[in-house]
Amino acid sequence: MEQFAQFSVDGQRLYGMLHTPDAEAPAQGWPSVVMVHGFTGNRTDHHRLLTLLSRALAARGIASLRFDCRGSGDSHGDFSEMTVSREVEDVQAAASYIRQQPQIDPERVMLLGYSMGGMVATLAAAGVRAHRLLLWAPALPELWLPLLSGGVLPTGVIDRDGWPLGRAFLQELPRLRPLQAAAAWSGVAHVIHGDADTTCPPEWGVRYAQALGCDAAAIPGGTHNFTSLETTEMLYAESLRFLGGG
C-alpha cells in the first residue's frame, strides 16, 4: 500500500509518501522507518534510492514514510529558509505523523538519514525516541564551511547550483554538534558509507560510528550516491538486514 502523506510544521505543508505492507498487521502494529533525504534532495533522492528501499521494506513487513523537508521537493517553504534545526523539526513532525497512523507500532519508529539527512536524523533521534538509527554517508558541518569566505557570513543568499542557500544555514553550522548528540544517544545504530565517497569521506562515517558505539559498514567502490547497480544492491542488503533486525 502506498498513499500520499501530508502534515504541517509552523503552518507550512510537508508532503510525502507512506508505504505500508500489503498484509495483515501484527497485533502490536508494523515497525516503520522515517527517511530523511540529503542536502538539495527529496523524498525520492538519487536514482530513486529512497523510493525503492521503501518498497523493499514493505515487502518485508516494515512501513516507511518518505517526505520532503520544507523548501525541498513538493513541500511548502523556500530553500533559502532551510536550516538543519528546521529539518530536525520536520523529522519530529514526520515521526509524530507516522505514529498516528493505524496499524503502526508507535514504539518501533526508526530513522534513516542520508548525507545531510544523516546529521539531521542524529540530532533528531533522542527527541523522536527513535527505535533504531541508520545513517547513510552521514555529513558533518565542515562539508559547508568552505562556503564561508574567510570566515565571513554572506549578507544574503548564496547561489549554490541554482539553490538559494540562506545565511541562517551557514550561521548555524559552527553551533551544530552531531557527534556529541550521537555520543549522548544510547539506542541501536548502524552506519553505512561508500569507500569511494569524496563528498562525505568514509572517515566521517567511522567518527559517527565511534560516537554511537556501533558498527560502520563500508560499501566497496561506493560513491556518495552509490551510483552503480552493484553498490546500490549492497547498500540495500545491509540496510534491510539492520532495519529488519528488531
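Is W136 buried or exposed? Please start there and tell me about its surroundings.

Reply: Quick background: this is a predicted model, where local features need pLDDT of at least 70, side-chain atom pairs count only at pLDDT 80 or more, and totals for chains, interfaces and linings use all residues. Residues are numbered from 1 along each chain as its sequence is written, and side-chain values use heavy atoms, with hydrogens and water left out.

Now, W136: it's buried, at 0% relative accessibility. Buried means under 20% relative accessible area, exposed over 50%, and partly exposed in between (1.4 Å probe, protein chains only). Y114 is buried too, at 2%.

The structure holds ten aromatic pairs. To pair, rings of Phe, Tyr and Trp (its six-membered ring) need centres within 6.5 Å; planes under 30 degrees apart are stacked, over 60 edge-to-face, the rest tilted. Y114 and W136 have ring centres 5.7 Å apart and planes at 75°, so they sit edge-to-face. That pair joins distant parts of the chain, 22 residues apart: Y114 is in strand β5 (residues 104-114) and W136 in strand β6 (residues 132-136). Helices (H or I, at least four residues) and strands (E, at least two) are DSSP runs, numbered from the N terminus.
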